[in-house]
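Q: I have not worked with this protein before. Could we go through its structure together, one topic at a time?
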Amino acid sequence: MEEVGGRVAECVTLETEEHLVIKQSMPKLHGRMGVTDLRVEGELLWSVGRDGFIRSYNLGGQETVTMLQALHVGYDWVASIRMVWEELVCLVWHGARLLVRGGGGL
């Protein structure tokens, strides 16, 4: 299964076989400003966007993707998300400054 961000602030889940088949679309996932990064770690899909939220979803072999949690990190928008040494690390914009936040300091 593949996940991609769309131009209309959506996340689309695709099934990859010989060709792509749209399985689920989540319009306006991060408001009208859009999704900035998608990451798959095991059975979790992580989504971040310009609304300042990190969202996690369960991919666990189901037909649909289900949201587990949404966390507002307290910054203007989240540019990227990574797992570093088994900890969640985010690249965030706060005003004109680009910051790296991770672990318990989100």
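Q: To start, is leucine 38 buried or exposed?
A: Leucine 38 is buried, since its relative accessible area is 16% and the cut-off for that label is under 20%. Please bear in mind that this is a predicted model.

Q: Where does leucine 38 lie?
A: Leucine 38 belongs to strand E5, which covers residues 35–41.

Q: How far apart are the C-alpha atoms of leucine 38 and serine 80?
A: Their C-alpha atoms are separated by 8.0 Å. Along the chain, leucine 38 and serine 80 are 42 residues apart.

Q: And what is the bridge partner of serine 80 in E10?
A: Serine 80 has leucine 91 as its bridge partner in E10.

Q: How many bridges join E9 to E10?
A: Seven bridges join E9 to strand E10, residues 87–94, and the two run antiparallel.

Q: Which strands make up the open sheet, and in what order?
A: The open sheet has three strands in the order E9-E10-E11, with antiparallel pairing. Strand E9 (77–84) and E11 stand at the edges; each has a single partner strand, so one side of each is left without a neighbour in the sheet. From one strand to the next, the twist averages 20°.

Q: Where is leucine 98 found, and what does leucine 98 count as in terms of accessibility?
A: Leucine 98 is found in strand E11, residues 97–102. Leucine 98 counts as partly exposed because its relative accessibility is 44%.

Q: Now for charges: how many salt bridges does a search of the whole structure find?
A: The search finds three salt bridges. As background, side chains of opposite charge can pair when their charged atoms come close.

Q: Which residue forms a salt bridge with arginine 82?
A: Aspartate 37 does, with the closest N and O atoms 3.1 Å apart. Aspartate 37 lies in strand E5 and arginine 82 in strand E9, so this pair ties together parts that are 45 residues apart in sequence.

Q: Are those two buried or exposed?
A: Aspartate 37 is buried, with a relative accessible area of 10%. Arginine 82 is partly exposed, at 40%.

Q: What about arginine 39: which residue does arginine 39 form a salt bridge with?
A: Arginine 39 forms a salt bridge with aspartate 37, and their closest N and O atoms are 3.5 Å apart. Arginine 39 is partly exposed, with a relative accessible area of 28%.

Q: Which side chain meets aspartate 51 in a salt bridge?
A: The side chain of arginine 55 meets that of aspartate 51, at 3.1 Å from N to O. Aspartate 51 counts as partly exposed at 22% relative accessibility, whereas arginine 55 counts as buried at 13%.

Q: Which residues do salt bridges with shared partners join into one network?
A: Asp37, Arg39 and Arg82 are joined into one network in that way.

Q: Finally, what is the mean pLDDT of the protein?
A: The mean pLDDT is 75, and 73% of the residues reach 70 or more.

Q: Where is confidence lowest, and where is it highest?
A: Confidence is lowest in strand E1, residues 2–5, with a mean of 48. Confidence is highest in strand E7, residues 53–58, at 88.

Conventions. Residues numbered from 1 in each chain as written. Predicted model: local features only at pLDDT ≥ 70, side-chain atom pairs only at ≥ 80, totals over all residues. Heavy atoms only, no water. pLDDT = per-residue confidence, 0-100. Helix = DSSP H or I, 4+ residues; strand = E, 2+ residues; numbered from the N terminus. Buried < 20%, exposed > 50% of the residue type's maximum accessible area, 1.4 Å probe, protein only. Pairing = 2+ DSSP bridges. Axes fitted to C-alpha atoms, helices over the stretch in contact; angles between N-to-C directions. Salt bridge = Lys/Arg side-chain N within 4 Å of Asp/Glu carboxyl O.
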